[in-house]
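Biologist: Could we go through this one together, with the ground rules first?

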Amino acid sequence: MRNITKTLCVICLAAMMVACAGHDYTDYTTYVDQRIGTGGHGHVFMGANVPFGLVQVGPTSIPQDWDWCSGYHESDSTVIGFSHTHLSGTGIGDLFDVTVMPVVGEVKYARGNHRSEQTGMWSYADRTQEKYAPGYYSVPLVRYGVVAEMTATSRVGLHRYTFPAAEDAAIVFDLQNGGCWDGAEETYMKQESKTTISGWRLSRGWANNQKVYFVAEFSRPFDTFEVMPKGRYGRANFRTADGEQIMLKVALSPTSVAGAKANLAAELKGWNFEATAEKAKAAWNKELAKAKVVSEDETAKRVFYTALYHTMIAPSEFCDVNGDYRGADGVVYENPGHKSYTTYSLWDTYRAAMPLLTILQPERMSDMVNTMLNICDEQGRLPVWHLWGCETDCMVGNPGVISVADAIVKGIEGVDYERAFEAVKRTSMHPGRGNGHRMRFGYIPVDAMHEAVAKDMEFAIADGAAANAARKLGKEEDFKFFEERSHSYRNYFDPSTGFIRGLDSKREWRTPFDPYFSAHGNGDYCEGNAWQYTWLVPQDVAGLERCFGSREKMIEKLDSLFSVSSVISGENASPDISGLIGQYAHGNEPSHHVIYLYTMLGEPWKTADRVREVLSVLYHDKEDGLSGNEDVGQMSAWYVMSAMGMYEVEPAGGRYWFGSPLFDEVTLQLPAGEMKIVAEGTSAENKYIQRVWLNGEEYKLPYIEHADLMRGGELRFEMGSEPKLWY
């Protein structure tokens, strides 16, 4: 345990030295609390990684239900091992590749169950002794008397295990057990020397053709190494003295064992655990410092920086150090001239997480978009939910179109805009996933497929993004086509009820109609009901206003969204409808833009009221501090953007609508310099914007253009306690 304390102290000292060298004396990593989101339905990753790294090394528990998707839940201290890949905040479980478990004595090589430790090689972890910081994780394993520590580079997990005195200590490699939905198809493992093993794992699950290659090197020779039948388990045996430490490096590659070896050689020479952890924490501090918050509210700062941390777990790098990667067609490609990425949860992240990256990570955003364009070439369309080279087709619409179009509209450097628009157009005209029905009927009839309304409305949002990209590039004919098609949602608006509702191929309404009704997976909506989906028109707010008949009627209906009963009807109602204020469901993404509609409709004080309510009630600094799945950074990105005082409502709209800035100051580190966002007098009472200045001149718009934000300077809000229309 002395080594763990020493490691944490050295990490903190190193982070301070890095900060001092850059003339910033704040260690922003101290505000990150990785427990936030590990309870409730947050599903966040707990362990060690670096920003956007391929490896996320951390504990994996015995899965019980969907709340174990990340491999960790605050309610369960079982550990089946320490896996090198994890998802964060998803609703489906996968990965958990190359799981390592230190043991003492003979064990049963199986995942096991909660009835008894003897059913597998699992152990309880002593959570009272658990330690974690960005880039570092440690916990004692009660069954074996072993203290586990780990840190990481982008492609390598570094373990340090402190053993008791034992004649039969071992480190076991488990290639059998992956995520809840994952099954190993083929595995292979071999001993290369007295200190090195290598192998690979082919699995099918959410990612239906996943290949992970690895090489593992021990800090001292093992006595013997045994490979179990089919290469699913391997055991490196040791005799250990009390307190003896054995370290282990595990490098991953999506292409080959040779790639894993090259990754190990390039990223982790030697055996300096403290120095590796220091470097990981310094990498986190560098990225977190891109948004420097000034506030006396320490709790809000913890929530903010933990949220910012969550937005940088993924997308994750998906290439070797030489740039080679595995394509969506299963072919290994040579370096395309940029880093390749994976873990694209785009139905979630196009709304706030990807726009946030266009602000704080424009260089990475270029690589991410170019990766999407490669995926389009390899599979024939832009990604929907891409995981380790596999298209899961999870969720609805064409979310990849939105993120690529957003890059075009914002002028992200390093992207070939003509190639990008060709991918946008090709994907938008692809008849799959229900789009063919739109081409035939002008909308998706509810008798054609489940979740028809949601699918059509998300396609319409993507069409709105495609129209914006076409307009940016001067493609007038394409602009007119996609803008018109982005209005397909209007077919579903029923003026007699004031709701979006299902329409069949004969243009007859779905009956009976209950706006509170939800049927998960087989209704007209996706993870929602009519109350939530009526507002899913960020691409055409003016058109939605006309559907209601007037702005006054639309605002009246919007007001009622937050005041009606929160009851969801239906025997199979979606569990994703959470974080409810009335029928506004902050725990799921289709509602995330809704509060900002008030600013767009001329009543910004209502946006301020609801933004502050959500920031203070539906986010907090305990384990259940998220109101729904983290969803690969989206839930946290909403907090980050809203706490800064703005949100990108329109798909690829290129502008951020104002809400209610939470902090006294937030200084963004941008390629062009600093943008300081100041909220004079902000407090719980002074939540309403009174006046706005941009670079010293009074500003009369309710939004700021992306280009103006990225130029840097100062955006200043005068805050007060009285509702006011300043624009």
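Modeller: Contact here means heavy atoms within 4.5 Å. This is a predicted model, where local features need pLDDT of at least 70 and side-chain atom pairs count only at pLDDT 80 or more, while totals for chains, interfaces and linings use all residues. Residues are numbered from 1 along each chain as its sequence is written, and side-chain values use heavy atoms, with hydrogens and water left out.

Biologist: Is aspartate 33 buried or exposed?

Modeller: Buried means under 20% relative accessible area, exposed over 50%, and partly exposed in between (1.4 Å probe, protein chains only). Aspartate 33 has 10% relative accessibility, so it counts as buried.

Biologist: Which residues does aspartate 33 touch?

Modeller: Aspartate 33 sits in the loop between helix H1 (2–21) and strand S1 (58–60); helices (H or I, at least four residues) and strands (E, at least two) are DSSP runs, numbered from the N terminus. Leaving out residues up to four places away in sequence, aspartate 33 touches Tyr132, Thr306 and Asp621.

Biologist: How do the axes of helix H6 and helix H7 cross?

Modeller: Axes are lines fitted to C-alpha atoms, for helices over the stretch in contact, and angles run from 0 to 180 degrees between N-to-C directions. The axes of H6 (residues 353–360) and H7 (residues 362–379) come within 6 Å and cross at roughly 130°.

Biologist: Which residues of H7 make the contact with H6?

Modeller: On the H6 side, the contact is made by Met354, Leu357, Thr358, Ile359 and Leu360. Their partners on H7 are Pro362, Met365, Met368 and Met372.
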